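Please walk me through this model in my viewer, one selection after another. Tell me what to pick next and what I will find there.

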Amino acid sequence: MSDGTATSQPGISPAGLSQGESWGEWLDRHSRTFFIAPAVTLVLLFAILPTFYTVVFAISHVRFSATGLKFRMVWLENFAAQFTGNQQVHFLGRFTSMSIAGWLFTAVIAGALLWWLYRAVAGGASWVGLAGRLISAAMAMFIALLFAATLLSGNQWGTLLNTLFYVVVGCSIQFVIGLMLAFLCSQPIIGKNFFRVLFFIPLMITPLGVGYAFKMILDVTKGPFQPFWQFVGLGNWAWSTDAWAARWFVILGDSWQWIPFIFIVLLAALENVPKDHVEAAQVDGASSFQIFREITWPQILPVAATVMLIRMIEAFKIVDLPNIMTSGGPGIATESMTLHSLFLWRANNMGDSAAVAYLLLILTVVVCSSFFNYVVVKRLRKARA
Amino acid sequence: MDIRKLAVAAASAVALCGLSDVACAGQYDGVTINILTRPGPVIAGAVSQRGKEFEKLTGAKIIVNEVPYAEIFPKVQQDWSTGTNSIDVAVFAAGWGVELAAAGLLENLDPYIAKDGKIDVQDIAPYFREFAQKIGGHTMVIQVDGDFQMVYYRKDVLEKNNLQPPKTWDDYLAIAKAINGQDMSGDGKPGYGSCIFKKRNAQSYFAIQTIASTIVQTQGTAQGFQFDNATMKPLINNAGWKKAFELYKETSKYGPPEELNMDIGDTRALFKSGRCGLLIEWGDPGPLQLEDDAKGIKNKLYATNVGSKEVLDRKTGKLVPVSKETAPYAIDGINYAPFSAFGGWGGAVNAKSDPKVKQAAYDFLSYISQKEQSNVDVTMGWTGFNPYRLSQLKSTDLWVKSGMDEGLAKNYMGAINDALNNPNMASDLKIPGAQQYTGVVLDTELARYMAGEITVDEALKNIEAGWDKITKDFGSDEQIKQMALAVGPAK
């Protein structure tokens with residue numbers, strides 16, 4: 001360790017220089033800041049500042065003129081239009097009357113959320129923790145109400161629930177299949193290296209390519225697989241004109257591309273599970289399922305939760321596949337929030353486009369933070385314990 | 001200097017200076033013209049090909065930037081408004097120019113035309129010359145294409161079934177129903193009674209207007225059929241548009257199963273393979289049927305204009321039979337209103353480009369539009385250019401030379417001439433926000449109605465609200481003024 005008094009220079013001292021501290025020591029003490037500064041500056045310039053600048057668009061009506069963009073402040077009008085204005089049906093869905101199933105579902109979710117909040121209060125949660133839970137509960141209640149008023153009441157839902165459908169259903173399917181494939185490839189089977197490469201390839205294809213490939217494969221009247229569709233009796237089945245079939249096919253394409261991501265990460269995690277633990281359990285007569293549940297799963301859980309979080313964040317931004325495969329149709333049945341925002345941007349409706357983008361950001365942050373705090377962290381603590 | 005070199009130089013100078021009165025050999029050495037348009041080969045391919053010739057003739061460098069159709073307008077507007085100015089020429093729908101012109105972004109091409117002895121603007125059909133090219137009385141766009149929609153029918157299939165070509169939309173449905181499922185391609189595959197591009201964010205909103213115009217517009221082009229042009233009140237939530245929506249949906253019964261997900265590329269592939277009995281299209285299928293991949297339908301795809309026997313009475317909001325009073329331009333009891341869907345591809349020049357680049361850009365647009373080039377381009381289906389000059393529609397020679405038989409050539413020219421000469425031709429919207437009104441609001445609600453998400457009444461109500469919002473954004477008075485400039489004073 002250096003002696004500050006021995007190396008200190010008389011005369012001018014830099015701001016913040018402690019008495020008796022040399023330039024070298026001062027630089028050394030702040031080296032972390034200096035090293036990280038270029039990266040932080042770049043992130044601020046190219047990510048954070050544009051994000052804040054987008055707020056200006058979201059609260060304005062934007063017109064183009066010969067002298068540049070003309071902003072007229074409309075404050076929250078663009079946001080309000082998504083909830084109560086002419087964009088409501090597009091964003092949230094169509095509301096008529098709530099069905100009994102819808103009311104029941106709402107009541108169950110409301111009860112569960114109240115119980116969850118009560119337990120947090122009774123458990124001595126901090127004010128910050130309680131505020132976070134209230135935000136998460138409010139978002140969950142809003143989504144539940146939307147779900148009950150649209151799908152459970154026989155109404156069309158909008159781009160918000162479409163996005164959540166892709167995230168929740170799509171990611172769940174991808175996780176289950178990815179885990180199964182990873183588990184299979186972690187076993188001592190013949191040709192497992194070949195399957196590893198094979199299962200990984202779809203991830204390297206551009207989403208546009210995947211979209212066009214699936215559109216072509218699923219073309220029942222004039223695509224290369226038309227004879228096959230005809231042979232299996234689906235030559236006249238128009239999946240793209242059926243809302244649910246179209247949604248599922250978008251998920252199919254998305255899953256084909258993203259299962260490899262889950263697969264490769266979980267495979268690495270599975271291969272890091274100590275073999276002696278597994279062998280000890282086998283010696284004790286544990287079944288394969290018991291070994292997976294009691295030994296393997298707790299050890300891969302941190303990685304599994306993280307990969308799911310990353311996948312969910314990515315899934316919220318889905319745009320290429322519904323754009324290429326169905327152009328958001330039939331109607332708006334397959335339109336995600338990103339695609340909704342893109343279509344508004346294409347129409348030079350910058351204000352509404354930015355508002356939808358911000359609503360997506362809020363949704364993503366709240367859902368993913370909630371998932372991380374109340375699912376991932378909880379499981380991690382349990383696993384560590 | 002070598003005599004041979006002198007001769008070549010002289011010959012080149014004659015050829016180059018013959019391009020227009022202003023373009024000569026080497027005149028544009030070092031000048032680069034950046035053009036933005038839709039992806040090729042359609043339009044972009046043709047522009048690129050003519051661009052190579054222009055480069056050789058003048059020394060200019062032509063760069064054609066291709067972006068998806070739906071992104072042409074926002075990209076141009078953003079590029080020119082924000083001062084980026086990386087684009088010198090935009091080749092887009094003639095109607096889109098209005099919004100750019102209102103923002104002062106378009107070069108007035110009148111002075112250039114005045115000096116140009118080659119373009120022969122009087123040869124351009126009156127509708128395209130006066131409505132499509134001009135904004136506020138000044139030529140801001142040079143047409144390289146003429147667009148309106150017609151109905152095409154398989155002459156052989158109709159003859160086999162003893163059916164007459166459709167004259168009304170009810171005829172269209174009856175014929176589609178009668179021939180649906182028949183083998184029209186000769187390969188045992190069932191054909192479709194009707195093929196229409198109904199995919200969202202594609203061309204569906206044009207086809208619906210082709211039907212609606214014949215029911216809603218009766219008093220000539222200036223009357224319009226999307227708005228009450230005097231007040232800008234949407235003219236959409238009424239029995240006329242409702243019938244058009246219902247007719248449009250009815251055609252799906254006789255179309256391909258995935259028609260709602262088909263754009264123009266899909267329907268063209270289908271009719272070229274011989275599997276469509278009827279279709280709504282622009283002028284392209286005329287020459288497209290002569291291409292190698294359409295041998296099965298060569299000289300079999302005929303064109304006609306279809307109208308309505310019932311029209312909208314704007315006072316009562318109800319449908320009434322066609323009469324001299326309700327539809328003065330009707331022919332044999334049928335109201336026709338051929339819809340100039342899209343208005344044709346045209347080139348506009350960036351007002352902020354360098355003066356020399358602007359002159360070169362104009363000369364290039366003039367070069368494509370001149371009869372010597374244009375009268376060849378419109379006969380080739382792959383170019384995407386359709387007839388818009390009178391000289392292209394005077395005789396069948398041009399078309400017979402391109403491979404049509406005399407009967408088809410006469411039919412094709414006749415259908416186009418009937419439309420172009422119709423005083424009730426329906427104009428595509430040519431006011432600021434045109435793309436938002438139809439390409440976004442109408443298109444989205446139509447798609448939702450077609451998908452069964454909403455009823456026709458809900459769709460029309462939503463469109464009315466959406467259109468009102470856009471009008472409010474741009475200013476009602478401004479839109480009324482722009483509408484009058486586009487189609488003339490309101491009737």
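Is Ser308(B) buried or exposed? Select Ser308(B) and find out: in this predicted model, the residue is buried, because its relative accessible area is 4%. You will find Ser308(B) in the loop between β12 (301–304) and β13 (310–313) of chain B. Show the side chain of Ser308(B), and you can follow it to the backbone oxygen of Glu310(B), at 2.5 Å. Then display the surroundings: apart from neighbours within four places in sequence, Ser308(B) is in contact with Thr214(B), Ile215(B), Val322(B), Gly333(B), Ile334(B) and Asn335(B).

**A loop residue in chain A**

Next, select Thr150(A), in the loop between α7 (127–149) and α8 (159–185) of chain A. Thr150(A) has a relative accessible area of 0%, so it counts as buried. Leaving aside neighbours within four places in sequence, its contacts include Leu92(A), Gly93(A), Arg94(A) and Phe95(A), as well as Trp157(A) and Leu161(A).

**From Arg94(A) across to chain B**

Stay with Arg94(A), one of the contacts of Thr150(A), and show its side chain. Which residue does it pair with in a salt bridge? The partner is Glu458(B), at 2.7 Å from N to O. Arg94(A) sits in the loop between α5 (88–91) and α6 (100–122) of chain A, while Glu458(B) belongs to helix α18 of chain B, so this pair joins two chains. Arg94(A) is partly exposed, with a relative accessible area of 23%, and Glu458(B) is partly exposed as well, at 25%.

**The interface**

Now colour by chain and bring up the contacts between A and B. Here 41 residues of chain B are in contact with 43 residues of chain A. The area buried between the two chains is about 3,500 Å², and carbon and sulfur atoms give 49% of it. Four salt bridges cross this interface, and 13 residue pairs are in polar contact, with both residues at pLDDT 80 or more. On the chain B side, the elements that give two or more residues are α3 (69–81), α11 (264–272), α17 (434–450) and α18 (456–474). Of these, α3(B) gives the most, with eight residues. Colour this side of chain B by residue class and you will see 16 nonpolar, 11 polar and 14 charged residues.

For another bridge between the chains, select Arg346(A) and Glu71(B), whose side chains meet at 3.6 Å, N to O.

**Two salt bridges within chain B**

Go on to Lys242(B) and Asp457(B), which form a salt bridge at 3.4 Å, N to O. Lys242(B) lies in helix α10 (residues 239–251) and Asp457(B) in helix α18, so the pair ties together parts of chain B that are 215 residues apart in sequence. Lys242(B) is partly exposed at 27% relative accessibility, and Asp457(B) is partly exposed at 40%.

Then select Arg268(B) and Asp284(B), a salt bridge at 3.2 Å, N to O. The pair links helix α11 of chain B to the loop between β11 (276–281) and α12 (285–288), 16 residues apart. Are these two residues buried or exposed? Both Arg268(B) and Asp284(B) are buried.

**Backbone stops**

Switch to the backbone and find Gly329(A) and Pro330(A), which are joined by a cis peptide bond with omega of about 0°. Pro330(A) is in the loop between α15 (320–325) and α16 (337–346) of chain A. Ser327(A) is in the loop between α15 and α16 too, and it has a positive phi of about 55° although it is not a glycine. Ser327(A) is buried, with a relative accessible area of 5%.

In chain B, look at Asn299(B), in the loop between α12 and β12. Asn299(B) is not a glycine, yet its phi is positive, about 60°. At 17% relative accessibility, Asn299(B) counts as buried.

**A last look at confidence**

Finally, colour chain A by pLDDT. The mean is 89, and 95% of the residues of chain A reach 70 or more. Zoom in on residues 1–10 of chain A, where the pLDDT is below 50; beyond near neighbours in sequence, this stretch has 10 contacts in the model.

Notes
Residues numbered from 1 in each chain as written. Chains lettered and ligands numbered in written order. Heavy atoms only, no water. Contact = heavy atoms within 4.5 Å. Buried area = accessible area lost by both parts, 1.4 Å probe. Polar contact = N/O pair within 3.5 Å; in protein donor to acceptor, adjacent residues only side chain to side chain. Helix = DSSP H or I, 4+ residues; strand = E, 2+ residues; numbered from the N terminus. Nonpolar A, V, L, I, M, F, W, Y, C, P; charged D, E, K, R; others polar. pLDDT = per-residue confidence, 0-100. Buried < 20%, exposed > 50% of the residue type's maximum accessible area, 1.4 Å probe, protein only.
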